[in-house]
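Work through the exercises below with the structure open beside you. Try each task before reading its solution.

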Amino acid sequence: MGKFPFYSQMDSMDCGPACLQMILKHHGRYYPLPWLRSISYLSREGVSLKGISKAAEKVGLRSMAVKIPFAGKSDTPCLLNAPFPLVVHWNQNHFIVVHKANKKYVWIADPAAGKHKLPKADFLRGWQSDGDRGIALLLEPTPSFYENEAPPSDKLSFRFALNYLRPYKKLCWQLGIGLGLSSLISLLFPFLTQSIVDTGIVNQDIGFIYLILIGQLVLFATQTAVRFIQSWILLHVGTRLNVSLISDFLVKLMKLPLGYFDTKMTGDLLQRIGDHRRIEAFLTQSTLGVILSTFNLIAFSVVLLYYSTTIFLIFLVAAIAYFAWIAFFLKRRKEIDYRAFQQHSRTQDSLIEIIQGMPEIKLQGSQLKRRWRWAEIQAKLFRVQMSSLRLGQWQEAGGSFINQSKDILITVIAATGVIKGELTLGMMLAIQYIIGQLNGPLAQMINFIRSGQDAKISLERLGEIHAQAEEDNQEIGVSKVQPRVGDIVLDNVSFRYNAIEDDVLKNVNLTIRKGKVTAIVGTSGSGKTTLLKLLLGFYPVTEGTVQVSGADLQQLDQGAWREHCGVVMQDGFIFSDTIANNISESSDWPDAERLDHALNVANIEGYVRALPLGVNTMIGARGNGTSQGQKQRLLIARAVYKNPDYLFLDEATNSLDANNEREIINKLDEFYTGKTVVVVAHRLSTVSHADQIVVLEKGELIEIGTHKELVARKGAYYTLVKNQLELGS
């Protein structure tokens, strides 16, 4: 159990790549999880067995997918005769590693739940999917595996986090001075306590006792004032640090290609915001606290050594035992942390889905079904939290036993020393005070270790984001090509979402003329929206090129290219903001003249002006609800406001009634003047006046021409028009 390497999955979609990572490490090679994910053909639904197999073969493993029984004769294919470790399909929705098995037990490494030893019956319940057979992926290294060089690690070091403290050096120095002053004051208290007993009480000098007590009050007041100042500085640094960390994370997210978000769940990304808070807490409270603790630990240890070597050695042995006890649980604690991350992520995804899908839930009467599914996730989260609680209780119980045993033993030895005359009563009280002061720093250092582990785990998860290639990733000193307005030319373009799926677009050759209107039509699933996304640079083409005014689209500065583009997508987003800010999303401040023009073209001016606050009315999640038709008109207004050189419309009027649609199309026809327009439409009546109409079928361009030409040809377009408008033959 202890020898086989284990890696947790970073996200809910990572079980396949994480299994492969463990097997590769078992054979002597470490591969970063994000790199393995990138070659495993991950989709939003996760990874397939075929994707894991392709990734394994790319790094030099021989793979074979099999459906086999658990046991059989020595010469028959079965799990017990298979080469370990191997990947198995688990519960029809997950992948785990089996690294050892016999007739009674199976040893598994589950990237979502850790390493376990399962009885045969429990394993078979999760594995068998076809009678007595289950699916497994057999993996063995080839000679090329040992020749291949692994990519560099993606892990972020603590140096990455510590760099965020550099702008606050002066404040950190002030904190350090305050910590030192507070520690020096604390060092005086045991000597003052001893002097009260050994001098004041023994000599019955009440004046001396009052003097010492007044001194203690002054020192306490000074120490309290220093701690107040420290708290304000910590709050200031911590808040600024947290803002900087999350701001840089959002900057990185916004630089990633749009295709990256297709395989990411919202909950996974939101959980990483929590990771930043753990890093901030580690850098401020834990790191600065442990500096004080270390100073106090050393200083009070020296004082304790001055009083009694024996007691100091007892404390030292107990401290080492305490650290060893806590360290014993760190690995298990890490596994639980990853499981908690995944379950919290699923909880957030579930809640977001319930809130956003509430109208559909009520319409379908599925309240109970959705609530039960949420409750299932909560049950899993509860089990993870119970595991965390049990682990914490064992740590706490063991640590308390060591500490209490140490304190009792030290009290016995000190009392014995007083009876024998080796120590004074004042010295005994001073020793008890010192031990109390040492216990605090010891606990803080333990908390620092835990906080450091949490920060390290968070850095690993954030490293996966920061290691991603940016959309406009380029060499230093090499500028991206700036877009120029011209024709868009698709030269033999093919596209598939990943290498193990079929082409969505196949050998498309098309010229979209500058200043003309091009309509793309076809049946559902023919690739219309995908083609539009390729033109916008959402994904790189698999084969061929997309050129804008002679320049390869992938070589263009993507941000600059999209500044030239106005877009209305089927799933366009309305922000929780005013109508004015929603329409003017492309500029920092709304321009009244452009806003009026956009409202007029989108035929929504009457609705907006009738609202009590007009364009300043809040809409979205925090304001007035909008109908689907109103939402589409707002999205059209947003594209018109931008006044782009290129306009891309994806089913922009499909939710509008006939009157609104006719009105908007007439106004858009005027707006199109001098612009390059690409319209994806299902209603063919809206594109009959296009300069050219492109017909797609199963990803292939099968017809191109004007409405009149295509109808006369009586091909695929004619059939579409006939079916929609019921034309005579």
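The exercises that follow concern a predicted model.

**Exercise 1.** Find where His-27 lies, and decide whether His-27 counts as buried or exposed.

Solution. 
- Step 1: Locate the residue. His-27 sits in the loop that connects helix H1 (15-26) with helix H2 (33-38).
- Step 2: Apply the cut-off. Buried means under 20% relative accessible area. His-27 has 18% relative accessibility, so His-27 counts as buried.
- Step 3: Look for its partners, leaving aside neighbours within four places in sequence. His-27 is in contact with Leu-61, Pro-85, Leu-139, Pro-141, Phe-145 and Tyr-146.

**Exercise 2.** Which residues of helix H4 (residues 120-127) are buried, and why do they line one face of the helix?

Solution. 
- Step 1: List the buried residues of H4: Phe-123, Leu-124, Gly-126 and Trp-127.
- Step 2: Look down the axis of H4. The buried residues fall within an arc of 165 degrees, so they line one face of the helix.
- Step 3: Recall the general rule. An α-helix has 3.6 residues a turn, so residues three or four places apart point the same way.

**Exercise 3.** How do the axes of helix H10 (residues 309-328) and helix H13 (residues 367-419) cross?

Solution. 
- Step 1: Take the two axes. They come within 10 Å, and they cross at roughly 175 degrees.
- Step 2: Classify the angle. Angles over 145 degrees count as roughly antiparallel. H10 and H13 are therefore roughly antiparallel to each other.
- Step 3: Name some residues that meet. Those in H10 include Ile-311, Phe-315 and Trp-325, and those in H13 include Trp-394, Asn-403 and Leu-409.
- Step 4: Turn to the record. An unreviewed UniProt entry lists residues 311-330 among its transmembrane regions. Over residues 311-330 the chain is 95% helix and 0% strand, with the end C-alpha atoms 29 Å apart.

**Exercise 4.** In what order do the 6 strands of the open sheet lie, and which are the edge strands?

Solution. 
- Step 1: Read across the sheet. The order is E13-E16-E17-E10-E18-E19, with mixed pairing.
- Step 2: Find the edges. Strand E13 (565-568) and strand E19 (700-705) are the edge strands, since each pairs on one side only.
- Step 3: Consider the turn between strands. Neighbouring strands of this sheet are turned by 15 degrees against each other on average, direction ignored.
- Step 4: Examine one pair. Strand E10 (residues 517-522) and strand E17 (residues 676-680) run parallel and are joined by 4 bridges. Ala-519 stands opposite Val-679 in E17.
- Step 5: Helix H20 (residues 628-642) lies across E13 and strand E16 (646-650), and H20 runs at about 175 degrees to E13.

Note on methods
Residues numbered from 1 in each chain as written. Predicted model: local features only at pLDDT ≥ 70, side-chain atom pairs only at ≥ 80, totals over all residues. Heavy atoms only, no water. Helix = DSSP H or I, 4+ residues; strand = E, 2+ residues; numbered from the N terminus. Buried < 20%, exposed > 50% of the residue type's maximum accessible area, 1.4 Å probe, protein only. Contact = heavy atoms within 4.5 Å. UniProt positions renumbered as here; feature names shortened; annotations may be inferred. Arc of directions from axis to C-beta. Pairing = 2+ DSSP bridges. Axes fitted to C-alpha atoms, helices over the stretch in contact; angles between N-to-C directions. Parallel < 35°, antiparallel > 145°, perpendicular 65-115°, else oblique.
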